[in-house]
Amino acid sequence: MSKRPPVFKGIVTRMSLKRERDAIEDDEDNEDEVTVKFRRGRVVEDRRSRHCPYLDTINRSVLDFDFEKLCSISLSHINVYACLICGKYFQGRGQKSHAYTHSVQFSHHVFLNLHTLKFYCLPDNYEIIDSSLEDITYVLKPTFTKQHIEGLDKHGKLYRAYDGTTYLPGIVGLNNIKANDYANAVLQAFSNVPPLRNYFLEEENYRGIRRPPGDIMFLLVQRFGELMRKLWNPRNFKAHVSPHEMLQAVVLCSKKNFQITKQGDAVDFMTWFLNALHGALGGTKKKPSILTKVFQGSMRIFSKKLPHPDLPAEEKEALLVTEEYQEQMSESTFLFLTLDLPTAPLYKDEKEQLIIPQVPLFNILGKFNGSTEKEYKTYKENFLKRFQLTKLPPYLIFCIKRFTKNNFFVEKNPTIVNFPITNVDLREYLTEEAQATEKNTTYDLIANVVHDGKPTEGSYRIHVLHHGTGKWYEMQDLQVTDILPQMITLSEAYIQIWKRQN
């Protein structure tokens, strides 16, 4: 009877050793080396992992994780490493990879895997484990606890960036890559709406949302969340953020309707962005999303068809008594309200200067009082409409209609809207039933997007209220300055966000 060969503990076959190596290897480059040693079948950490001699060569001042994570040579987004000495991105770390070649050629030895957030020393190819590198992974991927998020609006503590500048989280400049200030202003406005910001600061809120295979629109959600976390990061290396990845997602998801290189309209962008984000979060007409919870109100629309103006008077009178020309009422939801400006006068004063007219906010809000009628023309038919609000949202967006477009050019109305910064009561614009149920109808301004200059080549800036300090700040791309509240009302306001008082 043959005896079974003895089994020796701690000895593994070559095949099982190879399988273990393959399981540990996290790279996609068929590398020969691994960052651990094997002893008696057990994985043993490389001694150099905690004693890397090259940590002092890291240059934090050149690190910028705001741009798309692409290899600077192959332009691939798979398995990309950042060189922590020069800041460039390279693919892979195997012996024939771009990162390996770069490390040998320039004696740059410390690399960060932008996906796994692990650090490696090349060309020796061992993992670096050192707590002093935690600040780099935090800048790449900031995380927020519930306690941290709850405290964001309770203080106005200044933080010092690695480059020495001080900044308030949330009040951070955004790069204007070429002509994207229209998008910057809208993104800054949304980043200062607390419930929207809080939702996107915590990735867990939307990570589990199921989307159809190949759906690119969810990229918009991910990039917006990343931008929020960078804008509110208290441990930034610099006091500004580049929206490059966010805007690339916008270009892709909007099928190039909104671009980085061509000036766009802030209201057009905001309209598209709100609807695209709502859909990408799984929201529908019946299913709410964070956007509808924050911004959606409702109104009644009374619409009456008008006879063609060229018809004889008798025919008009005959048509007006038919059912087709009677007033119809419908209910509709809204994410923002469009306010119409009165036509700007064309006459000049004694000094041949065009007079810039002014109008009180409550005059243009009269559109929603239920009795003011306005004519709306379509290609074939004309309608007389009036509006009345039935539900007010926690945050109310006004879009002041400054631009009129015809076949030949775009015209801008420069009328200044006079508005108070706080205590705007909208109760009179609600139906009687809504007035009985809505407890609080008073709003305070928290964001004001301004358009300066000519219609097609102007620029955008934004005023935002910092909730922690109660101070107002003006942001125009990278420029951030504090501003007196009374100066805000002198601007050509285009988009406003108002917060309902608790």
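How much space lies in the second largest pocket? About 650 Å³.

## Basis

This is a predicted model: local features need pLDDT of at least 70, side-chain atom pairs count only at pLDDT 80 or more, and totals for chains, interfaces and linings use all residues. Residues are numbered from 1 along each chain as its sequence is written, and side-chain values use heavy atoms, with hydrogens and water left out.

A pocket is an open set of points on a 1 Å grid over the protein atoms alone, where a 1.4 Å probe fits, with protein on both sides within 12 Å along at least five of seven lines. Lining residues have an atom within 4 Å of a point. A volume is the space filled by probe spheres set on the points, which are joined across faces, edges and corners.

## Largest pocket

The largest pocket holds about 820 Å³ of space. Its lining has 27 residues. Lys-69, Leu-114, His-115, Arg-223 and Glu-226 lie nearest the centre. The lining splits into 10 nonpolar, six polar and 11 charged residues (charged: Asp, Glu, Lys, Arg; nonpolar: Ala, Val, Leu, Ile, Met, Phe, Trp, Tyr, Cys, Pro; polar: the others, Gly among them).

Helix 8 (residues 218-231) gives the most, with six residues. Helices are DSSP runs of H or I, at least four residues; strands are E runs of at least two. Domain 1 (55-133) and domain 2 (139-290) each supply at least three lining residues; the bounds come from an automatic or database domain assignment.

## Second largest pocket

Here 24 residues form the lining. Thr-343, Ala-344, Thr-404, Lys-412 and Asn-413 lie nearest the centre. By class, 11 are nonpolar, five polar and eight charged.

Strand 14 (337-340), strand 16 (374-377), strand 19 (403-405) and strand 20 (410-412) each supply at least two lining residues. Strand 19 has the largest share, three residues.
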